[in-house]
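I opened my notebook to look at how the parts of this protein pack together.

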Amino acid sequence: MCMDDTSGSESAGLKPPDPPVAPFSEVVKFHGHLCPGVTLGYCAAKIAIRELRSGRDVDEQLVAIVENDACGIDAIQVVTGCTMGKGNLIFRNYGKHVYTFINRVTNDAVRISMKEREGEGDPALKKIRERVRRKKATPEEMQKMRSLMQEDIDRMLAGPADKYFDVKHVKIEIPGKARLFNSVKCSKCGEMVAESRARVQDGGFVCIPCFDEYSRGW
Ligand SMILES: [Zn+2]
Ligand SMILES: [Zn+2]
């Protein structure tokens, strides 16, 4: 509903309907369990598909740059089709709930960052979670935690996805498409390693685990 204040470029004309999004059940099946993290990832992925006017990625027309490696990433892979295997999911280990999506066809990019959830999170849930963490929770408290978590998840799925994220269209350098590389044999373990990741040691190729790092601190 509040697309106008994020996209800026859409005028009052008729908007095409939002592109279809994979059902949440598919995401839960892939992820293996139901949790708030994967639900938030689903919300972020829905925003991306809507803002970039793209369907699920087929052949790297979409790129995702994700800044954490938590549960939500599985939702992003299922919904947007940006996957680790295809090479259009770029992981930056910043520990931030920030997701940048790029549409290579339109050159549009959107940065989706999670808003602070403090105060919005149920204080009762917080208290029980702390007891669970310290392994002090009773079976009743475990049950209570599960039902509070389910309520939290239901709220996220029902409400507008934008409630949880700041959404900004941004200009960003578009990363190149994933490349294929030749393999070379590691002279130490004998296993094959992509040329782009191999190191040279004693005049031969070695893989990273076999490479003796030499560093003097700079
Ligand atoms: Zn999870
Ligand atoms: Zn090796």
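My entries below go from the domains to the sheet and then to the helices.

**Domains.** I reminded myself that this is a predicted model. I looked up how the chain is divided, and found domain 1 at 4-170 and domain 2 at 181-218. Their C-alpha centres lie 37 Å apart.

In what order do the five strands of the open sheet lie? I read 2-1-3-4-5, with mixed pairing. Strand 2 (89-91) and strand 5 (165-170) each have a single partner strand, so each of these edge strands has one side without a neighbour in the sheet. From one strand to the next, I noted an average twist of 15°.

**One strand pair.** I then followed strand 4 (residues 108-114), which runs antiparallel to strand 5 and is joined to it by six bridges. For Ala109, I found the bridge partner Val170 in strand 5.

**Helices on the sheet.** I saw helix 3 (residues 36-51) lying across strand 3 (98-103), strand 4 and strand 5, at about 155° to strand 4. Helix 4 also packs on the sheet, where it touches strand 1 (62-66), strand 2 and strand 3. Its direction makes about 175° with that of strand 1.

**Helix against helix.** I checked helix 2 (residues 24-31) against helix 4 (residues 72-80): their axes come within 9 Å and cross at roughly 125°. That angle is why I wrote down helix 2 as oblique to helix 4. The crossing is right-handed. Which residues meet here? Glu26, Val27, Phe30 and His31 in helix 2 meet Asp74, Ala75, Val78 and Val79 in helix 4. By class, I listed five nonpolar, one polar and two charged residues in this contact.

Definitions and conventions: Residues numbered from 1 in each chain as written. Chains lettered and ligands numbered in written order. Predicted model: local features only at pLDDT ≥ 70, side-chain atom pairs only at ≥ 80, totals over all residues. Axes fitted to C-alpha atoms, helices over the stretch in contact; angles between N-to-C directions. Helix = DSSP H or I, 4+ residues; strand = E, 2+ residues; numbered from the N terminus. Parallel < 35°, antiparallel > 145°, perpendicular 65-115°, else oblique. Left-handed = near helix turned anticlockwise from the far one by under 90°. Contact = placed C-beta atoms within 7 Å. Nonpolar A, V, L, I, M, F, W, Y, C, P; charged D, E, K, R; others polar. Domains from an automatic or database assignment. Pairing = 2+ DSSP bridges.
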